[in-house]
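Hi,

Here is the structure for your files. Please open it alongside this note.

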Amino acid sequence: MRAGESMEQGLRDCCRSVRIGKILIQRDEETSLPKLFYDKLPEDISDRYVFLLDPMLATGGSASMAVDVLISRGVPEDRIYFLNLIASPEGIELFSHKFPKLNIITGVIDQGLDENKFITPGLGDFGDRYYCI
(Lines give C-alpha, C1' and ligand atoms only; values in the text may rest on other atoms or scores of the structure.)
Protein backbone atom coordinates (compact mmCIF):
# COMPACT_ATOMS: atom_id res chain seq x y z
CA MET A 1 0.00 0.00 0.00
CA ARG A 2 1.56 3.30 1.07
CA ALA A 3 4.63 3.72 -1.18
CA GLY A 4 3.20 1.48 -3.89
CA GLU A 5 0.16 3.77 -4.13
CA SER A 6 2.48 6.43 -5.58
CA MET A 7 2.67 4.28 -8.74
CA GLU A 8 -1.05 3.47 -8.85
CA GLN A 9 -2.24 6.45 -10.88
CA GLY A 10 0.29 5.74 -13.62
CA LEU A 11 -1.00 2.18 -13.84
CA ARG A 12 -4.61 3.40 -13.97
CA ASP A 13 -3.69 5.85 -16.74
CA CYS A 14 -2.29 2.98 -18.82
CA CYS A 15 -4.80 0.28 -17.90
CA ARG A 16 -8.15 1.93 -17.20
CA SER A 17 -10.06 -1.22 -16.28
CA VAL A 18 -7.41 -2.58 -13.89
CA ARG A 19 -8.62 -3.99 -10.55
CA ILE A 20 -6.59 -2.86 -7.57
CA GLY A 21 -5.78 -4.98 -4.53
CA LYS A 22 -3.86 -3.89 -1.44
CA ILE A 23 -1.14 -5.55 0.61
CA LEU A 24 0.46 -3.67 3.52
CA ILE A 25 3.81 -5.02 4.63
CA GLN A 26 6.26 -2.92 6.60
CA ARG A 27 9.85 -3.60 7.50
CA ASP A 28 10.61 -3.65 11.20
CA GLU A 29 13.32 -1.01 11.67
CA GLU A 30 15.00 -3.01 14.48
CA THR A 31 15.22 -6.40 12.76
CA SER A 32 14.84 -5.38 9.08
CA LEU A 33 12.30 -8.23 8.79
CA PRO A 34 8.94 -7.75 7.04
CA LYS A 35 5.59 -7.89 8.84
CA LEU A 36 2.23 -8.35 7.11
CA PHE A 37 -0.42 -5.93 8.41
CA TYR A 38 -3.22 -6.10 5.84
CA ASP A 39 -4.29 -7.56 2.52
CA LYS A 40 -7.42 -7.21 0.39
CA LEU A 41 -7.26 -8.71 -3.08
CA PRO A 42 -9.81 -9.29 -5.86
CA GLU A 43 -11.60 -12.62 -5.44
CA ASP A 44 -10.56 -13.73 -8.93
CA ILE A 45 -6.89 -12.79 -8.50
CA SER A 46 -5.73 -16.35 -9.23
CA ASP A 47 -7.09 -15.93 -12.79
CA ARG A 48 -5.26 -12.66 -13.43
CA TYR A 49 -1.85 -11.29 -14.26
CA VAL A 50 -0.63 -9.22 -11.31
CA PHE A 51 1.46 -6.05 -11.25
CA LEU A 52 3.06 -5.78 -7.82
CA LEU A 53 3.98 -2.11 -7.34
CA ASP A 54 6.67 -0.95 -4.92
CA PRO A 55 9.03 1.91 -5.78
CA MET A 56 11.99 0.38 -3.92
CA LEU A 57 13.46 -3.12 -3.86
CA ALA A 58 16.03 -3.12 -1.05
CA THR A 59 16.53 -6.43 0.78
CA GLY A 60 13.57 -8.00 -0.98
CA GLY A 61 12.04 -9.14 2.31
CA SER A 62 8.78 -7.18 2.13
CA ALA A 63 8.31 -7.75 -1.57
CA SER A 64 9.07 -11.44 -1.11
CA MET A 65 6.37 -11.66 1.54
CA ALA A 66 3.94 -9.91 -0.84
CA VAL A 67 4.70 -12.50 -3.52
CA ASP A 68 4.12 -15.26 -0.96
CA VAL A 69 0.68 -13.74 -0.25
CA LEU A 70 -0.13 -13.71 -3.98
CA ILE A 71 1.04 -17.28 -4.49
CA SER A 72 -0.99 -18.42 -1.46
CA ARG A 73 -4.04 -16.96 -3.23
CA GLY A 74 -3.33 -19.08 -6.30
CA VAL A 75 -1.50 -16.60 -8.53
CA PRO A 76 1.08 -18.46 -10.63
CA GLU A 77 4.59 -17.07 -10.15
CA ASP A 78 5.05 -16.41 -13.88
CA ARG A 79 1.96 -14.15 -13.87
CA ILE A 80 3.47 -11.75 -11.33
CA TYR A 81 5.29 -8.66 -12.58
CA PHE A 82 7.16 -6.73 -9.90
CA LEU A 83 7.46 -3.08 -10.93
CA ASN A 84 9.81 -0.76 -9.06
CA LEU A 85 11.83 2.37 -9.67
CA ILE A 86 15.05 1.61 -7.77
CA ALA A 87 16.46 -1.83 -6.92
CA SER A 88 19.50 -3.12 -5.07
CA PRO A 89 21.58 -5.96 -6.48
CA GLU A 90 20.92 -7.87 -3.22
CA GLY A 91 17.13 -7.61 -3.63
CA ILE A 92 17.30 -8.73 -7.26
CA GLU A 93 19.50 -11.69 -6.31
CA LEU A 94 17.08 -12.79 -3.56
CA PHE A 95 14.17 -12.60 -5.97
CA SER A 96 15.89 -14.43 -8.79
CA HIS A 97 16.73 -17.32 -6.46
CA LYS A 98 13.43 -17.50 -4.56
CA PHE A 99 11.13 -16.76 -7.52
CA PRO A 100 12.92 -17.73 -10.75
CA LYS A 101 9.75 -17.37 -12.87
CA LEU A 102 8.78 -13.94 -11.51
CA ASN A 103 9.35 -10.91 -13.75
CA ILE A 104 11.13 -7.85 -12.29
CA ILE A 105 10.89 -4.52 -14.09
CA THR A 106 13.01 -1.75 -12.58
CA GLY A 107 14.14 1.72 -13.57
CA VAL A 108 17.66 1.60 -12.10
CA ILE A 109 19.87 -0.74 -10.12
CA ASP A 110 21.66 1.21 -7.38
CA GLN A 111 25.03 0.35 -5.78
CA GLY A 112 23.85 -1.83 -2.93
CA LEU A 113 22.68 -1.77 0.67
CA ASP A 114 24.26 0.04 3.60
CA GLU A 115 24.69 -1.32 7.13
CA ASN A 116 21.05 -0.42 7.91
CA LYS A 117 19.79 -2.35 4.85
CA PHE A 118 18.85 0.85 2.99
CA ILE A 119 19.60 1.29 -0.71
CA THR A 120 22.72 3.34 -1.32
CA PRO A 121 23.00 5.97 -2.54
CA GLY A 122 19.19 5.65 -2.75
CA LEU A 123 16.84 8.47 -1.92
CA GLY A 124 15.62 7.74 1.61
CA ASP A 125 12.18 6.45 2.55
CA PHE A 126 10.09 6.72 -0.62
CA GLY A 127 6.76 6.75 1.22
CA ASP A 128 7.92 9.56 3.51
CA ARG A 129 9.11 11.59 0.51
CA TYR A 130 5.97 11.00 -1.52
CA TYR A 131 3.61 11.83 1.35
CA CYS A 132 5.85 14.67 2.66
CA ILE A 133 6.21 13.25 6.16
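First, the confidence. This is a predicted model. The protein chain averages a pLDDT of 84, and 81% of the residues score at least 70. Helix 2 (residues 61-72) has the highest confidence, with a mean of 94. Helix 4 (residues 126-130) has the lowest, at 50.

Now the rings. The structure holds four aromatic pairs. One of them joins Phe-51 and Tyr-81, edge-to-face. Their centres are 5.9 Å apart, with 65 degrees between the planes. Phe-51 sits in strand 3 (residues 50-53) and Tyr-81 in strand 5 (residues 80-87), so this contact ties together parts that lie 30 residues apart in sequence. Buried or exposed? Phe-51 is partly exposed, because its relative accessibility is 40%. Tyr-81 also falls in the partly exposed class, at 25%.

Another pair is Phe-82 with Phe-95, and this one is stacked. Phe-82 belongs to strand 5 and Phe-95 to helix 3 (residues 89-98). The pair thus links distant parts of the chain, 13 residues apart. Both Phe-82 and Phe-95 are buried.

Back to Phe-51 and Tyr-81. Together with Tyr-49 they form one aromatic cluster. Tyr-49 has a charged neighbour too: Arg-79 lies over the face of its ring, 4.9 Å from the ring centre.

Best wishes

Methods: Residues are numbered from 1 along each chain as its sequence is written. This is a predicted model: local features need pLDDT of at least 70, side-chain atom pairs count only at pLDDT 80 or more; totals for chains, interfaces and linings use all residues. Side-chain values use heavy atoms; hydrogens and water are left out. pLDDT is the predictor's confidence in each residue, from 0 to 100. Helices (H or I, at least four residues) and strands (E, at least two) are DSSP runs, numbered from the N terminus. Rings of Phe, Tyr and Trp (its six-membered ring) pair if their centres lie within 6.5 Å; planes under 30 degrees apart count as stacked, over 60 as edge-to-face and the rest as tilted. Buried means under 20% relative accessible area, exposed over 50%, partly exposed in between (1.4 Å probe, protein chains only). A charge sits over a ring if NZ of Lys or CZ of Arg is within 6 Å of the ring centre and within 35 degrees of the ring normal.
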